[in-house]
Amino acid sequence: MNLPAIDIQGLEKTFDNGLRALDAVDLSIGRGEIFALLGPNGAGKTTLIKVICGLTEASAGDAWVAGHHFRREFRQARMRIGLVPQELTTDAFETVWATTRFSRGLFGRRRDPAHLEKVLKDLSLWDKRNSMLMTLSGGMKRRVMIAKALAHEPDILFLDEPTAGVDVELRRGMWQVINRLREQGVTIVLTTHYLEEAEQMADRVGVINNGQIMRVESTESLMQSLGQKRLTLELAAPLDAVPDTLEGYNLTLTDDGCALNYHYNHCEGAEAVQGLLRAVDSAGIRLHDVDTHESSLEEIFVSMVGGST
Amino acid sequence: MNWPAIRAIYVFEIARTWRTIFQSVLSPIISTALYFVVFGSAIGSRISEVDGVSYGAFIVPGLIMLSLMTQSISNASFAIYFPKFIGTIYELLSAPVSYVEIVISYVGAAATKSVVLGLIILATASVFVPLRIEHPAWMLLFLVLTGITFSLFGFIIGIWADNFEKLTIIPLLIVTPLTFLGGTFYSLKMLPPIWQKITLVNPVVYLVSGFRWSFYSVADVNVYISLAMITGFLVACLAIVAWIFKTGYRLKS
Ligand SMILES: Nc1ncnc2c1ncn2[C@@H]1O[C@H](COP(=O)(O)OP(=O)(O)OP(=O)(O)O)[C@@H](O)[C@H]1O
Ligand SMILES: [Mg+2]
């Protein structure tokens with residue numbers, strides 16, 4: 001039983017209008033893994049999920065879900081999968097309880113109120129079980145959609161942008177939910193635009209752009225190579241040159257001499273920055289302000305496809 | 001067969017009716033009662049009997065057919081159109097449910113509703129006019145076959161429609177005229193000879209005639225021809241549904 005949770009080979013999707021949304025995608029996701037699909041708008045993240053789940057027909061290629069072919073054995077394959085789509089779509093007049101129970105039945109499972117109770121409690125929806133969906137807030141609706149996806153006890157969960165439109169507190173709550181599911185051994189595939197989010201949650205990251213998987217690696221090694229940060233120290237008084245005492249930090253002075261830029265890696269983190277600030281202080285340089293900048297996904301993609309802008 | 005799924009969809013659909021019980025049941029009953037008052041008493045005072053049946057009783061089978069057909073179409077078309085419209089269809093498409101199961105559950109629920117409604121209208125009618133049903137088995141057969149066939153037809157419309165206009169245009173432009181011209185309120189014998197012939201291209205004529213025969217043993221066309229017509233229509237609808245699902249037409253991009 002060492003089959004991957006998801007195994008994708010040569011998957012392609014060309015829409016009727018000729019747009020190639022998936023281009024020969026090969027991907028393997030292990031059991032119990034948390035996998036982040038990272039890519040900008042229109043990269044093909046949603047399309048990839050839709051093709052695997054049966055919402056969109058593939059143009060070519062195959063996928064296996066826990067060893068079951070996604071078309072030929074669609075029942076076994078889909079039984080394993082829970083899907084939380086990107087858009088919030090719920091029936092207005094159903095109650096939380098009724099809609100979750102419906103989802104369980106739809107996936108061919110016998111009624112099990114105890115399981116539904118557990119799912120709703122885990123998602124802090126138990127108090128709302130008798131509320132109509134239209135009376136819930138957006139964040140609650142998203143959790144209802146997760147509850148619906150978990151109602152049939154899937155062992156693979158697709159979360160298409162789980163934290164889009166969700167406030168900071170709820171985002172943390174979402175991360176907790178995902179961690180709990182990980183502990184239960186659920187494989188999770190999530191999509192995100194944010195490197196930070198991928199870093200927070202995922203074991204591995206697949207970077208996708210223009211329908212192509214550009215690289216797949218562990219979150220750590222991806223952050224090593226891509227997580228460039230820049231610290232800008234705005235100076236109270238302009239300098240002519242970088243002081244000798246700060247030579248080791250590889251600083252660059254802006255042309256007007258009003259700011260120092262420090263490039264460092266995401267993984268070096270706080271220590272490097274603290275060291276630098278102490279050194280700046282002891283060099284007697286007074287600061288006006290500080291600013292940090294993280295490489296955005298777009299910059300990352302530019303650097304990945306050859307970096308000539 | 002994924003029976004729990006069929007049950008889940010069926011129960012969901014029936015529950016939806018309960019939430020809108022007034023629109024779903026009361027409005028067809030009221031409109032039928034209005035037909036009785038307007039046609040039954042206004043025209044009935046001029047025409048006392050058709051084929052040996054009092055006019056009020058004569059129009060009952062036609063009125064039931066009228067409701068059965070329009071309600072089957074609107075129930076089934078709305079049931080599948082609405083999830084497409086608001087996006088909740090994603091769940092159905094991602095579920096381990098085959099197309100056969102989708103059709104059984106949606107069409108089954110729509111047909112159940114309209115058949116129950118037909119029986120309610122029958123009961124309502126019996127309050128106004130003395131009724132007799134000479135061939136109850138045939139009556140039920142026509143009721144169920146028509147309910148299923150027109151629910152299938154509505155299901156097709158619901159899948160084809162990509163806006164509300166399309167959803168209502170076919171019932172409005174085709175089904176309603178055909179039912180009104182289908183001998184609901186008159187016997188074909190009351191028409192001029194040329195119209196008696198032309199009317200025979202209207203499939204609704206056969207349904208109303210067969211259904212009326214199951215009540216009073218009077219018919220415009222042979223009851224077996226009526227049965228063949230409804231069966232033919234059923235098979236045609238099934239073929240279209242099969243084609244839709246084979247090609248993923250308008251359900252998947
Ligand atoms: N039904 C469709 N018909 C035609 N083109 C489509 C269709 N659905 C998506 N596309 C196109 O396919 C490409 C990939 O879209 P997709 O939704 O997969 O992107 P995404 O990575 O999920 O983006 P986002 O981060 O914005 O959600 C886009 O260029 C999009 O315009
Ligand atoms: Mg998307």
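A: A polar contact is a pair of N or O atoms within 3.5 Å; within protein, one must be able to donate a hydrogen and the other to accept it, and residues adjacent in sequence count only if both atoms are side-chain atoms. This is a predicted model, in which local features need pLDDT of at least 70, side-chain atom pairs count only at pLDDT 80 or more, and totals for chains, interfaces and linings use all residues. Residues are numbered from 1 along each chain as its sequence is written, chains are lettered from A and ligands numbered from 1 in the order in which they are written, and side-chain values use heavy atoms, with hydrogens and water left out.

Ligand 1 is located between chains A and B. A polar backbone atom of G42(A) is 2.8 Å from an oxygen atom of ligand 1. For A43(A), a backbone N or O atom lies 3.1 Å from an oxygen atom of the ligand. The side chain of E161(A) also takes part, with an N or O atom 3.2 Å from an oxygen atom of ligand 1. On its own, ligand 1 has 640 Å² of accessible area, and the protein covers 68% of this; such areas come from the Shrake-Rupley method with a 1.4 Å probe, and for residues only the protein chains shown count as cover.

There are 16 residues around ligand 1, of which N41(A), K45(A), T46(A), T47(A) and H193(A) come nearest. Here a residue is near a molecule or strand if one of its heavy atoms lies within 4 Å of it. The shell consists of 5 nonpolar, 9 polar and 2 charged residues. In this division, Ala, Val, Leu, Ile, Met, Phe, Trp, Tyr, Cys and Pro count as nonpolar, Asp, Glu, Lys and Arg as charged, and the others, Gly among them, as polar. Helix α1(A) supplies the largest share of the shell, 3 residues; helices (H or I, at least four residues) and strands (E, at least two) are DSSP runs, numbered from the N terminus.
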